[in-house]
Amino acid sequence: MSETFSGSRGLTLEQPLLFEQDSPGLTAVDLPEPAAFEDRLGGLARTTPPGLPGLSEPQVVRHYTRLSQKNFGIDSVFYPLGSCTMKHNPRLNERMARLPGFGDIHPFQPESTVQGALELIDTCAHWLKTLTGLPAIAMSPAAGAHGELCGLMAIRAALEDRGQPRKRVLVPESAHGTNPASAAACGYEVEAIPANARGRVDLGALKDRLDGEVAAFMLTNPNTCGLFEDEILDIAQAVHEAGAFFYCDGANFNAIVGRVRVADLGIDAMHINLHKTFSTPHGGGGPGAGPTVLSAELAPFAPLPMVVERNGRFHLIEHAAEAGDAKPFGRLKGYHGQFGVMVRALAYMMSMGSDGLRQASADAVLNANYLMARLKDVLTPSFEGPCMHEALFDDRFLKDTGVTTLDFAKALIDEGFHPMTMYFPLVVHGALLIEPTETESRQTLDQFIGSVRGLAAQAKAGAAESFKAAPRFTPRRRLDETTAARSPVLRWAAE
Amino acid sequence: MRYLPLTESDRRDMLAAIGVPSVDSLFRDVPPAARRDQPVDLPSHAGEMAVERRLSAMAARNLTGGQAPFFLGAGIYRHHIPAAVDHLIQRGEFLTSYTPYQPEVAQGTLQYLFEFQTQVALITGMEVANASMWDGATACAEAALMAARVTKRRKVLLSGNLHPHWRSVTATQLRFTDIAVEALDPDPMGIEDLIGRVGSDLACVVVQNPGFFGRLADFRALSAACRDSGVLLVVGVAEPASLGLIEPPGAMGADIVIGEGQSFGVGMSFGGPGLGLFATREKYLRQMPGRLCGRTIDADGRPGYVLTLSTREQHIRREKATSNICTNSGLCALAFTIHMAMLGGAGFERLAKVNHANAVALAQRLAKVKGVRVISPTFFNEFAVTLPKPAAAVVEALAGRGILGGVPAQRFYPSYPELEPVLLVAATETNTAEDIDAFATALGEILR
Amino acid sequence: MSEMRYTKDHEWLRVEGQTATVGITDYAQTQLGDVVYVELPEPGVILAKGGEAAVVESVKAASEVYSPASGEVTQANQALVERPGAINTDATGEGWFYKIRLTEPAQVAELMDQATYDAYLAELG
């Protein structure tokens with residue numbers, strides 16, 4: 001079926017596994033053989049070699065260059081994944097993280113030799129606290145889900161300190177899956193709160209479920225339908241009157257940076273995904289970082305380690321005994337958090353400044369509303385009114401076409417766009433969640449709009465078969481996920 | 001503002017297309033009391049040069065590994081990273097892509113994850129590995145939770161030779177669950193009795209090899225005892241370079257192997273980001289946390305890769321997921337896998353040998369310094385010594401002489417006065433004979 | 001063949017004397033898509049009506065199977081472990097999950113009969 005002898009097609013190159021390119025004995029790293037010495041392995045030397053393949057440097061470089069060419073990235077395409085904030089990743093961030101003074105330092109060097117690193121953490125913390133208006137921050141969480149765990153653990157520790165740990169965490173139906181998973185990891189039962197017809201939390205249903213056993217309410221704001229929770233002050237009041245804490249999933253912070261004071265919304269804890277709002281690269285799935293801002297009431301329970309400044313010198317508090325009156329709930333992460341990610345985020349924040357961040361959230365919201373305005377007559381928007389930084393549609397526009405949300409998204413790949421987020425949030429049928437971010441030009445948005453409108457017309461004209469066949473111009477076409485899951489092959493093995 | 005492509009006229013036209021007078025009207029759902037009308041009290045935007053100047057000044061206040069003879073380890077190791085690694089991971093198609101949920105446009109990421117999983121399984125001697133976790137410490141906590149799921153038991157035992165951060169992260173993460181954590185005292189002399197504590201109440205025993213204080217252990221007898229009592233043996237590897245030279249955990253009967261992969265391709269970066277390694281036996285696959293990449297075929301019958309078994313994960317299982325984690329450490333896994341590909345079998349072994357040779361040379365040289373005693377009978381590239389003075393003060397004095405001379409053990413265990421004289425010292429392929437000489441000479445002078 | 005009974009969660013139950021066979025309905029398998037994995041109860045396990053009995057997973061969804069009636073599991077359909085696709089091709093035949101010795105046979109009458117279940121499905125659209 002291949003049109004060429006090699007299987008490659010011009011710029012679309014086939015590349016076998018590393019293990020299929022083995023020339024035993026080759027290496028791309030030259031190291032001198034050490035002089036004879038008496039080992040100290042105590043008889044525990046490896047008895048069989050691990051079986052890693054041998055390659056030279058040019059082979060390795062070509063291998064990974066070819067693999068990279070099979071990927072979409074923000075650098076090459078519009079990547080409007082809702083809830084993921086795929087904005088441009090500035091290269092200055094990368095250069096700064098690679099300064100030897102940041103990249104080549106060890107977490108356990110004497111404090112006197114890492115004052116600049118501690119200053120960096122402290123400065124990054126200052127920016128994030130100022131942007132949210134909350135007084136304290138835990139810098140160590142490694143990702144959004146880790147930040148959720150951090151916030152919930154601080155909440156649980158605070159409640160236990162009051163002598164009442166409580167039993168339940170309330171989470172909207174539209175929440176990211178990490179919310180209930182984090183609550184469960186913190187020993188809480190999870191109860192879902194339905195959305196109202198306007199795509200927001202059903203305040204009445206929430207009030208009905210708020211009792212003396214509710215520890216926290218977790219809310220994403222703007223929510224996963226791309227809407228600002230306009231009753232948030234009433235929500236906060238109800239949560240607090242029940243003696244519970246209000247946790248905010250900050251995944252969508254990009255919509256409101258510099259324009260909304262999180263503290264004034266009544267929020268007690270919120271994680272911030274540095275890899276979303278603050279432009280650090282997603283890297284094919286991490287590493288990210290999820291620093292978590294905390295209210296004054298939760299601050300004493302923040303985890304170790306923490307950086308403090310005394311008389312112009314920075315200190316690292318690594319043990320509860322050094323933390324004074326504070327009662328840290330423990331340690332969430334090895335060493336001092338995702339330092340390299342903090343460097344990148346700070347480089348971004350300094351580049352944008354308070355004025356630029358405010359413009360960025362405005363442009364992110366503007367871009368999303370522009371897409372909504374130009375697409376609402378051909379797609380089916382799930383809710384009325386302006387959206388925030390992402391536009392949510394459902395699959396009613398595909399009714400009776402034989403085309404599904406998945407098919408539609410796969411056809412966009414052939415148009416040279418990464419698909420939007422699909423089938424999330426769960427509160428609408430066949431969701432298509434489009435987040436353009438502020439770093440896309442109007443020309444890009446117009447091209448995308450052109451493709452989406454064209455595809456919508458095609459779907460309605462009865463071209464289901466061509467949608468089912470998409471994508472056609474990718475290195476691989478649709479993959480058989482059923483076979484992958486029924487008989488998992490998770491590693492290469494010698495024949 | 002160099003990252004923002006919209007012009008003022010774009011903004012005007014787009015507002016007109018939307019049919020609103022200003023951007024502010026798009027924020028109408030925000031309660032007025034919480035709106036900010038003015039920029040926050042932080043500096044205004046800045047060009048590349050200004051940012052670079054400010055951050056470079058901060059960076060310059062740190063003493064880097066390249067500026068000083070360097071002997072720190074304790075879970076983070078300074079290794080040489082081949083130039084090609086950093087070049088390749090900065091290709092935009094890797095750096096700026098998302099988790100590979102759309103496999104047709106992410107075969108690059110998926111294939112390297114498949115290769116990564118294979119490499120991790122091979123070097124640890126295990127059957128399957130996942131696509132990485134956040135770091136060694138969080139992988140350790142996940143292993144304890146997984147052991148509790150597999151055995152349906154509610155207690156885990158942590159060795160005193162396990163990295164103290166892995167211990168405290170595990171204890172923290174399990175704090176609000178119904179699983180009890182017993183952490184044994186730090187054990188620099190290697191005298192703790194684990195076999196005697198193995199019983200049918202335990203979900204798992206978590207050990208580390210090489211141990212936190214450097215010594216190597218043979219866990220075969222412990223593994224047999226665990227098997228007899230239905231307890232899982234979890235083996236941590238904080239320095240995976242050791243696996244080029246020493247028997248891997250899989251060969252010693254480990255049920256779960258966790259590790260910190262930072263040594264390969266990922267710089268020290270003040271300890272983060274790192275790379276959590278996680279491998280196990282195939283029969284426990286369904287209980288394993290984290291993402292997995294698997295091989296399959298596409299619509300044309302060609303081989304390809306997808307994320308698979310995702311029903312274990314939070315985005316499907318929500319509160320019943322095996323773990324709350326969503327991201328892994330994709331780019332660090334890429335760096336690891338490229339470095340490992342460059343080393344190959346021969347380079348992996350050679351690297352381990354050079355590390356061990358340098359550590360042996362360092363141990364021999366330090367042992368000649370008056371008052372210094374090497375207390376690790378066996379080791380790979382890191383060992384513990386006792387000093388006649390508090391180790392923390394000695395390390396400060398060494399830093400004053402421009403030498404980064406190890407990690408005082410008491411930094412992790414302030415309430416154990418017996419650890420006050422204990423210093424952890426590591427050597428890697430980056431150390432020269434001159435470094436070792438400078439260290440030993442300075443140490444001799446400080447202890448005089 | 002004896003009469004089929006149904007739950008609102010789309011499990012079916014077929015009584016054969018003191019024991020009954022349990023599975024998920026054709027509607028349920030359609031909703032799930034290609035089944036890739038099942039977790040079955042061990043023989044000897046005592047199940048309460050409405051209690052979690054098994055897990056069934058497709059590529060994108062996982063769901064619990066709740067026991068339609070109380071009793072002791074006498075047999076699990078091990079063939080499903082190797083060939084979970086049988087649930088898609090023959091949900092009420094080869095795709096059965098487990099057999100149970102009923103401890104409260106009166107519970108069967110509380111379940112929907114074919115006509116009621118058909119009406120229930122029509123209501124779901």
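The following legends accompany several close-up views of a predicted model.

**Figure 1. Overall build of chain B.** Chain B contains 12 helices and 13 strands. Its radius of gyration is 25 Å, close to the 22 Å that the globule rule gives for 448 residues, so chain B is as compact as a globular protein of that length. The C-alpha trace of chain B spans about 80 × 55 × 50 Å along its principal axes. Of the 448 residues in chain B, 64% are buried. When contacts in chain B between residues at least 6 apart in sequence are considered, 73% of them join residues at least 24 apart.

**Figure 2. Crossing of helix 5 and helix 10 in chain B.** Helix 5 of chain B covers residues 107–124, and helix 10 of chain B covers residues 330–367. The axes of these two helices come within 9 Å and cross at roughly 65°. The crossing of helix 5 of chain B and helix 10 of chain B is left-handed. On the side of helix 5 of chain B, the contact is made by B:Thr109, B:Tyr112, B:Leu113, B:Glu115, B:Phe116 and B:Gln119. Helix 10 of chain B contributes B:Gly330, B:Ala333, B:Leu334, B:Phe336, B:Thr337 and B:Met340. The residues of this contact comprise seven nonpolar, four polar and one charged.

**Figure 3. Contact between chain B and chain A.** This contact takes 169 residues from chain B and 175 residues from chain A. Helix 10 of chain B supplies the largest share of the side of chain B that touches chain A, namely 22 residues. On that side of chain B, 88 residues are nonpolar, 48 are polar and 33 are charged.

**Figure 4. Two domains of chain A.** The domain assignment of chain A gives domain 1 as residues 92–348 and domain 2 as residues 356–482. The centres of the two domains of chain A, taken over C-alpha atoms, are separated by 31 Å. In the contact between them, 18 residues of domain 1 of chain A meet 19 residues of domain 2 of chain A. The side of domain 1 of chain A that touches domain 2 of chain A consists of eight nonpolar, seven polar and three charged residues.

**Figure 5. Contact between chain C and chain A.** Five residues from chain C and four residues from chain A take part in this contact. On the side of chain C that touches chain A, four residues are nonpolar, none is polar and one is charged.

Definitions and conventions. Residues are numbered from 1 along each chain as its sequence is written. Chains are lettered from A and ligands numbered from 1 in the order in which they are written. This is a predicted model: local features need pLDDT of at least 70, side-chain atom pairs count only at pLDDT 80 or more; totals for chains, interfaces and linings use all residues. Helices (H or I, at least four residues) and strands (E, at least two) are DSSP runs, numbered from the N terminus. The radius of gyration is taken over C-alpha atoms; the globule rule is 2.2 Å times the number of residues to the power 0.38. A residue is buried if 20 or more other C-beta atoms lie within 10 Å of its own, exposed if 12 or fewer, and partly exposed in between; C-beta atoms are placed from the backbone. Two residues are in contact if their C-beta atoms, placed from the backbone, lie within 7 Å. Ala, Val, Leu, Ile, Met, Phe, Trp, Tyr, Cys and Pro count as nonpolar, Asp, Glu, Lys and Arg as charged, and the others, Gly among them, as polar. Domain bounds come from an automatic or database domain assignment. Axes are lines fitted to C-alpha atoms, for helices over the stretch in contact, and angles run from 0 to 180 degrees between N-to-C directions. A crossing is left-handed if the near helix is turned anticlockwise from the far one by less than a right angle, and right-handed if clockwise.
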